[in-house]
Amino acid sequence: MNQEKEGQIVVYRLNDEYFAVNIMSIENIVKIPQITKVPMAPYEYDGVMNLRGEVIPVMNLKKKFKASMVDYPLKSSRIIIVKDDQNAITGLMVDEVMEVLDLFADDTKEVSYQEAENSKEYRLGLWHYEDQLISLLDYNRLLHENEGKEHK
């Protein structure tokens with residue numbers, strides 16, 4: 001069977017769930033550096049980091065998805081630096097970066113309402129790989145959800 005490749009994704013883990021980001025959106029993947037807290041920042045942002053002189057906001061995806069929390073940094077923890085459609089850069093704190101995979105259109109499944117609730121509103125679909133289901137997320141929607149809202 002000759003499937004058409006849609007692109008590549010970077011698979012990462014949060015607790016026991018697997019998620020993916022399009023490799024074309026990734027600027028860098030780094031170990032967790034010192035993060036500076038920012039007063040009045042939205043709850044899901046742990047603060048900002050300095051990467052080669054650039055100040056980058058850091059979103060804790062466990063807070064965003066209301067997942068069970070483990071104190072960072074884990075030995076395997078990383079920050080995936082992503083660029084959105086407006087060229088804004090944000091760091092996404094994850095437990096572990098797993099691997100880079102080829103994505104084929106036939107492997108993506110529609111999301112149903114019976115899915116887990118914690119990240120459902122950001123899911124574009126599910127991708128079945130070996131024995132895992134990987135959530136493909138809409139990072140533009142995820143990153144810009146709070147625009148125009150008052151900070152906590």
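Which residues does Asp 46 touch, not counting residues up to four places away in sequence? In this predicted model, they are Ile 35, Thr 36, Lys 37, Val 58, Asn 60, Lys 63 and Met 93, where contact means heavy atoms within 4.5 Å. Residues are numbered from 1 along each chain as its sequence is written, and side-chain values use heavy atoms, with hydrogens and water left out. Local features need pLDDT of at least 70, side-chain atom pairs count only at pLDDT 80 or more, and totals for chains, interfaces and linings use all residues.

Asp 46 belongs to strand β4; helices (H or I, at least four residues) and strands (E, at least two) are DSSP runs numbered from the N terminus. The strand is part of an open, mixed sheet of five strands, ordered β3-β6-β7-β5-β4. Its edges are β3 (26-31) and β4 (45-51), each of which pairs on one side only. Pairing here requires at least two bridges found by DSSP between two strands. From one strand to the next, the twist averages 30°, the angles running from 0 to 180 degrees between N-to-C directions of axes fitted to C-alpha atoms. Strand β5 (residues 54-60) pairs with β4 in the antiparallel sense over six bridges, and Pro 57 in β5 is the bridge partner of Val 48.

Back at Asp 46, the relative accessible area is 10%, so the residue is buried (under 20% relative accessible area; exposed is over 50%, partly exposed in between, with a 1.4 Å probe and protein chains only). The Asp 46 side chain makes a polar contact of 3.1 Å with the side chain of Asn 60. Such a contact is a pair of N or O atoms within 3.5 Å; within protein, one must be able to donate a hydrogen and the other to accept it, and residues adjacent in sequence count only if both atoms are side-chain atoms.

Lys 63 and Asp 46 also meet through their side chains in a salt bridge (2.7 Å, N to O), defined as a side-chain nitrogen of Lys or Arg within 4 Å of a carboxyl oxygen of Asp or Glu. This pair links helix α1 with strand β4, 17 residues apart. Lys 63 counts as buried because its relative accessibility is 18%.

The structure holds six salt bridges. Among them, Glu 44 and Lys 64 meet at 3.6 Å, N to O, linking the loop between β3 and β4 to helix α1 (residues 61-64) across 20 residues. Both Glu 44 and Lys 64 are buried. Another salt bridge joins Asp 95 and Lys 62 (3.0 Å, N to O). Asp 95 lies in the loop between β7 (89-94) and β8 (96-104) and Lys 62 in helix α1, so the pair ties together parts 33 residues apart in sequence. Salt bridges that share partners join Arg 13, Lys 62, Asp 95 and Glu 96 into one network.
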